[in-house]
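Me: I am new to this structure. Please take a close look at a single part of it and walk me through what you find.

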Amino acid sequence: MMNHFPKIVFTILHYCVPQETAACIESILSTVAYENYDIVVVDNASPDSSGPLLRDKYAAFSNVHFLLNETNEGFARGNNAGYRYAREQLKADFLVMLNNDCIMTQKDFIRKLLQIYGRTPFHLLGPDIITPGGEHRNPHRMTNFSRRDINRIIRNRTMILLYLRLKRLLHIENKILLIEKWDEQRSRKERGAVIRNLPQQNVVLQGSCLIFSPDYLRQEKEALCPDTFMWLEEEILFYMCMQKDYVIRYSPEIRILHSEEASTKRSWDSFGRYLFFSEQLRNSAVVFRNIMDCCESGEKRR
C-alpha cells in the first residue's frame, strides 16, 4: 500500500546551458506545492564545467542532489543514472524525468498526477508538453514504428548521411537544402496527425518529460534502453512496454513548458545538428531493429 505522501523524485539531465538547468530547478522549487520530493541533476560531463558550478549553487538545498558523469553518456544512459539513484538511494515512488530545458508551471502538478494514478493506474505517464510558441508536443506519435518503418529509416538516413558528407566535402553546407526541407515537412505532417486535447492510452510519449509510476519502478532497474546515444528512445521504450503489457497514458490534465533541445542547439550550427541527428537516428534505428529481432526470436522459441 502506498504512503499517504509518496516520494516524488524529479530527475534532470544537464549538459552545458546552465541557465536552462537552473531555471528548471528553480521552477520546481518555486512552483511545486508538495512536501515530499527531491531533485536529482545528472551532469553529462559538460565541457564548460557547469555541473560542479550548479552543484555549488544549490549546495544549501538538502533535497537537490547532483551526479557528475565522467563522460557524456548520451540521453538514455545519462537519464538512467538519475533513475537508478532515485530508485535505489532515494526510494522514489514516482519519478518525473525532465529535460533541462523544461519548466514546471503547474502548482498542483503532483496532486493531479496522484489523482490520475489513483483513478487509472499506469506504468508510464506523459503530460501536455507546450512550447513557448504554443505548440503541443505530446503524444509524440499515435502508433509506433513497424519493422518496415525502421528499415526505411535506416535506408533513408544512410543516403542522407552520404548527401550531407558530400556537402561538407564540397563546402556547401548551407546550400541546396532540399532534403533538410523535406525532412522538416515530413516531421510537421507527422505531428499534425496526433490527437492532443484528450487523454490517450498506449501512445508513444515525448521524451522531454516522462513520469514513471511505482508499477514501473518496482519492475525495472533502468528507465530507458541503454544502447542508444540519442533519438528513438521514446519509440524503443514504447515497444518494450508493449512487450510487457505495461500501461502508458497521456493526460492533458498536467502540463509543462518545454523550450526544445536547448543543449543540442547550443552545441552545433544548424548543419552540424542535422548531421548529428541523422547519424544518431540511423544508429538508434539499428538498435531498435536488433531489439525487435531479439523479441521476435524469443517469441518463436516459446
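Reply: Ser-50 is buried: its relative accessible area is 3%, and the cut-off for buried is under 20%. Keep in mind that this is a predicted model.

Where does Ser-50 lie? Ser-50 is part of helix H2. Leaving aside residues up to four places away in sequence, Ser-50 touches His-14, Cys-16 and Pro-18. Take Cys-16. Along the chain, Ser-50 and Cys-16 are 34 residues apart, yet 6.1 Å separates their C-alpha atoms.

Now widen the view to the helices. H1 covers residues 18–31 and H2 covers residues 50–57. Their axes come within 10 Å and cross at roughly 30°. Angles under 35 degrees count as roughly parallel, so H1 and H2 are roughly parallel to each other. The crossing of H1 past H2 is right-handed.

Which residues make this contact? H1 brings Pro-18, Thr-21, Ala-22 and Glu-26. H2 brings Ser-50, Leu-54 and Lys-57. Sorted by class, the contact has 3 nonpolar, 2 polar and 2 charged residues.

For another view of burial, turn to helix H4, residues 109–119. Its buried residues include Phe-109, Ile-110, Lys-112, Leu-113, Ile-116 and Tyr-117. These cover an arc of only 165° around the axis, so they sit on the same side of H4. In general, an α-helix has 3.6 residues a turn, so residues three or four places apart point the same way.

Terms used:
Residues are numbered from 1 along each chain as its sequence is written. This is a predicted model: local features need pLDDT of at least 70, side-chain atom pairs count only at pLDDT 80 or more; totals for chains, interfaces and linings use all residues. Side-chain values use heavy atoms; hydrogens and water are left out. Buried means under 20% relative accessible area, exposed over 50%, partly exposed in between (1.4 Å probe, protein chains only). Helices (H or I, at least four residues) and strands (E, at least two) are DSSP runs, numbered from the N terminus. The arc is that of the directions from the helix axis to the C-beta atoms. Axes are lines fitted to C-alpha atoms, for helices over the stretch in contact, and angles run from 0 to 180 degrees between N-to-C directions. Angles under 35 degrees count as roughly parallel, over 145 as roughly antiparallel, 65 to 115 as roughly perpendicular and the rest as oblique. A crossing is left-handed if the near helix is turned anticlockwise from the far one by less than a right angle, and right-handed if clockwise. Contact means heavy atoms within 4.5 Å. Ala, Val, Leu, Ile, Met, Phe, Trp, Tyr, Cys and Pro count as nonpolar, Asp, Glu, Lys and Arg as charged, and the others, Gly among them, as polar.
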